[in-house]
Amino acid sequence: MVRLNVFPETEFTDADFWNSETDLMNAANRMYQQLSADWIDNRGDDALNQNPNLVSNGQRDAPNTSGDWNNRYDEIFTANNILQKGGKADVTEAVRNRYFGEARFFRAYAYSKLVKLYGDVPLVMKTLDINSPELFMPRTPRQVVIDSIYADLDFAAQWLPTRAALPANQFGRVTKSTALALKARVALYEGTRAKYHADGSSNWQQHLDVAIAAAEEVMTQGHVLFNNYGNLFLAAGEGNANRELLLVKIFGVSNTNVLLGHNNSRDLENGRMAPTRNLIRHYLYADGLPAWKLDNTPSSTVSPLFVPEADEPSYNTILDNRDPRVAATYFRAGDVAYQGPWIPRTTLGSRTAFAAKKGFSIADQVLNAATVDRILIRYAEVLLILAEAKFERNGSISDDDLNRTINQLRTRAGFNVFLTNAFVTTHNLDMLEEIRRERTVELALEGFRYDDLIRWKLAEVLLPKDMLGAKYIESEWVGTNQNTLNMNADKVLIAEPASTRTFNPLRDYLYPVPINEITLSGGNVTQNPNW
Amino acid sequence: MKIKIARPGPMLPCWKPVLVSTLLILLIQLISHPVLAQSKLVTGTVTNSAGSPMGGVNVSVKGSTVGTTTNDAGRFQLNADLGAVLVFSYAGFHEREETVDARTSIEVKLEENLQSLENVVVVGYGTQKKVNMSGAVAQLSGKELENRPAANLTGALQGMLPGVTVYRGSGQPGAEGYGFRIRGFSSSNAASPLVLVDGVEQDLNLLDPNDIASISVLKDASASAIYGARAASGVVLVTTKQGSGGQTRVNLSSYYGINITARQPQRLNSWDEQTLIDEARFNATGSREFNDEQREWLANPNFSYRPNPTADRWEYFGNNNWVKEGMDKINHQNSQSISVSGGDKKTNYLISGGYYRRDGVLRYGPDDNTRYNLKLNLNSEINKYLSLKVTAAYIGSFTRENSYGTEQIINRLYRSRTRQNLYTPEEDVTGQKFNGDLQINPVDIQQNAGMETRDYETFTGTLNLKVKNLVKGLTLDIVAWRNQNAYNMENNSRSLFWYGRSINTVRFQINAPNTMRLIKNKGYQNNGQAFLTYQLDKGDHSFKVMQGAQFEEYRKDELQASAQSMINNRFFSMNFADPLTKTSTDLVQTWAMASFFGRLNYSFRNRYIFEASYRYDGSSRLAPERRWDVFPSFSAAWRFSEENFMQNLDFINEAKIRASWGELGNGSAIGLYDYIPLLVSGISTSNNLVFNDVRTQYIYQSRLASPLKTWETIRQTNIGLDLTMLRNRLTFTADYYVKYNVDMLAFLNLPNIIGVDLPPVNVGKLKSWGWELDARWRDRIGKLEYRVGFNISDNQNKLLKYEGVNSIGSGGVINLLEGYPMNSVWGYKTGGYFSSAEDANRYRQTVQYPFFANYTAGDMRYLDLNGDGVINAGDGTPENSGDLVYLGTTNARYTYGFDLGLSWKNFDFTAFFQGVFDRSFLINEGTLSPLLGTADMPWTIHMDRWTPENPNAFFPRMYQTSAHNFRPSDKWVQNGNYLRLKKYPDWI
């Protein structure tokens, strides 16, 4: 009966879509909406949340299901759907391939996150239906997934507009640089992981070559570092004019017109990214010398500016005479911070009593409505990738390369002691350690630490340590009852004692596959070792 | 009457607190008649059909309190006006009315009420004599509903009919969420009974109970399969009162009631509250919030605040009972209705109008619901062949609520610190009256946060043309109806700010910037149907055949809009809002259904009864190739009381056994366009995408289409027994049924690599079974008539197949679990609280709580049932549930009702009770656990908490921000049985 044929009038049918460039763009826009901002990461030794992180302290169990897995495959579905149906659109090859490039970029991004956590994962390259046999496929070997990521990113780099060619009103869409930067990131991860985990199935040198080539190519794209390290993470650093930005999750528009907001400033205030002393120890002193090695043991050469922790006279001592990035990343006692002057404390906020400053905006905090964009890939990382990959590949790095990369970052931060081969030799330092230190410091609290510890195979060393906080000075910690604090012999706060933390190197370098994925695949998907 | 108030929001979930009873019932029933003439003495005799005089018959003048009874010779006498109507009544006999006229003596013959023989029951597309029914149908007359002190018809049904369970979601006026289930669950998905009011699909909650003539509940497949894909959960046929011709009658009824909030959780005074807060903090963190001096200030009535200049705030040490300040103990409700009926032999009419209003629990309104009902029923015999029935009805329901939401406000009234004063101190310079320094002020919100109105209006018109007598026994019914409705929601949320000591410090704010939201829709449903009925009686054989067709279509158009930042905080109009913040969405919903249906009834000597019916339904909701399906049913009955061998059993008047089988469909769980792959417009969702500082479109498919989807099919088998015994004084009905939903829509459990939401598909299987029993006794002792009724029903269900969903998670109420009833409860077994730290330490030697390492005195002792040394959920399945055990289901297994009635002369006494038993009820941790969040407050009940001095407490020791003592367990599974007096005696 004809009158039974009633059709939706306010929903669009898939059959009527996929015709024009607008359709392709609207479909691709879904990927930007799905893009997760990844604000809070407490898995490393750099920042604690209000409660212990079970990944970080080794107490987690294999979950039944996990957003780390599911959300990535949701993103992959979106990309595959575009790639499968976008061919129908009546547009030029260049237009189609630009949006296909976006789709392949986001597919690669999703797979890179999956591989980092799980290793082998089912490689799904088309949309599946409830009857598809591929639903029950086993995990695809890591190298195959990585090759697919490279291929997707090569395609994306070929067809996406360059940064210069991207119209200002399209700021936020991925460019050739974004694809290459991601490729460099993935390749560095794969190369160093294979090297330090002695994974013979993967040619680490090749990956590092890929990383170097991709990073070098990004460096031809006209990117420059933003002029102010602290402002980079605030409203002043937003937008197309900031050529350091390669991938951002856009929030907007303003405190009074919140189309998409976040809570980062409140989260910082509430101690959801409470920096640890373990992190702060890595910063160089103003003379360019360290006090601590990368494994959080005292370094052989110790800066004369270093004050032993037992002797710190004040809460602020550890923040004094350091790399200027310290001042941009942490509040000092007495600084006007979240709600008036910062008074060291652990209640109702930071468990370490350190107060994160990077990205904190008082206007956002007051209005409870933050719209500053979240930076996901920035040019500084590309420079760090190049330096690290070169050194890892060759066992050495030229002063020229150091000047193109790390010393650029120091210059921008206003830190005028440069890293050179001579400096390292003179002070009996370790170049690799200094490169890694630079990365740790520059990218502090931006969600890199856990991944770095995993690929450097240092998680087993650093995660089971005491997570340390600030120095307890009774006169400064107004309102805190000393008896409620757990402190070490130096009167330094132990926010999480080593006794509650563990890392099993035979198990914890990979995430457990969600149990449902194993059972529902009929056992074709297998669990990672020792989970 | 019981009222649960709104469940107060997410912070106090599942708190089903309060019961409210109606205490005062004022009921005036006035029946008047037109012109009064002079009074005269009326005498007469009452006899039965055999001509014997009847003593003890009530004789009353209608609409007055004048009355008498007949003597043993059947004679009576009384004074009445000329034109007055005398009512003769006697238990077990039909009532008769006689008008006082010129006759000097009125002779009345009362007919015995052979209920079981003559009762006519409304069934789908027709009526049937109860005696000839082979299906399970329960019927209630309007008279039985009358005077029940519930202004809501669904609520009034509770306990009246075996197998019908009434539930409700909240006590909020206009949002009570009344619903009912017939014979328990038919599906784990949406499945509500089909309600037809004079054949028109309508919401039972909006009807005026005074308009009801009868309600038929079609319970088994035989009775309801004629409604095919709409009948899975049973069908309710409501018939409204019709005019009866003759004199013009005016009927007025007025009702006023109050609802009293009772057994409501009470707040603590501020020093007790602080004591518990400090205990909880100390236990959790080792330090207290307040010192002894501060706690003393709380108890000091002369010291309730002090300034804190460094923080630019006040510190409060008051004692403010928020619940008392913000909620009314007594809430009013009233209803009035009037009907006028009259006409002549050919044409009659009934016009009725109703008004109903109910106030909510908040102290400062608006917080109420008002409803208007208007109805016209017109019947006309046009000629020998044609009769016409016209119905026109209007219902308007108008709800007003605070823009912040009643639930949220109640939540706040239970969360705001008692030490926070209601008002700012006298020396406050911010100019604000209400204090919101510590937490937002819910009383201020009640008074100043703006209003939400929800107006729903519906118009119904029905035209019913009956053609008869063209051929003997043949009738043709042609029916057309249209229901048109309009909905209008406006929410004006005003900004409120609360300051510290100066306006430089904004402590809290809500609705900033101020916001306006609108929803407007209009919808209609058209129905055209025609059916032929042919009846043939030939000797011992009696046939009745019905065949019909129907087409139905529905459409709703909706527009939603919102905007922010009006030019001020008082005037709300889209025209004055910030254009950048305006949003709007539209929504069109459509469906259409076509059906063919038929029924055959056959009976032999009124003794062997057979019925078959079918419905062939086609729906726009299904893919064209899956669109049509047939729903058959068969039933048979044997009236063995008619057999010769029964003729000596005098005490049995009527006896019948029945059996039926049939298939029903459930279409309500199917979306409107599920078979078509559809795209979502991102800009119409609340998940915004921003590019270039503007909200940007994105389009995606959120869910796969399901082209193979079909109706859920429920197969139901029923056997029943009807008995009338002991001179028709005892009637008894019993039924047993089993129903299987064999194509239940369920979500496939597939690997998440599919990356998109799945549609439900027909893969589930639910079994639901039970029995029902209804018995009533009616007799008299001298002039005292009495009646006793009892009904009980049992229902159980089991989810036979749900595509392997077997997760019990970490316990609690599990809605869907294969192999178990719906809403099963899983929890730990407990062994009281640890009496001392040593006791706990000893236990810890062998048993660890992964969710709370350092349990100690006053904490819950969870039993390690599987002996693995860890209290956990195993792998979260029923097969390996760790230490969790099955603790029953929240579905009530038995529901029952009983009523008692006494009549003596003109006095009438009725009491009605309703109850359930065999039901578990899990109080959830958020409800029980004080200070689960530091902003959650303890109540008076929590004073009975474990302390060394109070080791036998009901509650464990106070502990903030951890619910380790409130894990689902046998301790917190409460018996959900109850028995309620639903109607108090009222004297007329």
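**Chains A and B: a working chat**

Q: Which residue stands opposite Phe12(A) in E36(B)?
A: Phe12(A) stands opposite Leu679(B). Helices (H or I, at least four residues) and strands (E, at least two) are DSSP runs, numbered from the N terminus. This is a predicted model, in which local features need pLDDT of at least 70 and side-chain atom pairs count only at pLDDT 80 or more, while totals for chains, interfaces and linings use all residues. Residues are numbered from 1 along each chain as its sequence is written, and chains are lettered from A and ligands numbered from 1 in the order in which they are written.

Q: And how many bridges join strand E1 of chain A to E36(B)?
A: Two bridges join them, and the strands run antiparallel. Two strands pair if DSSP finds at least two bridges between them.

Q: How many residues of chain B are in contact with chain A?
A: There are 51, and they touch 52 residues of chain A; contact means that C-beta atoms, placed from the backbone, lie within 7 Å.

Q: Which element gives the largest share of that side of chain B?
A: E32(B) does, with seven residues.

Q: New topic: is Val336(A) buried or exposed?
A: Val336(A) counts as exposed because it has 10 C-beta neighbours inside 10 Å. A residue is buried if 20 or more other C-beta atoms, placed from the backbone, lie within 10 Å of its own, exposed if 12 or fewer, and partly exposed in between.

Q: Where does Val336(A) lie?
A: Val336(A) is in the loop between strand E7 (330–331) and strand E8 (355–356) of chain A.

Q: What share of chain A is buried?
A: Of its 531 residues, 50% count as buried.

Notes: Contact = placed C-beta atoms within 7 Å.
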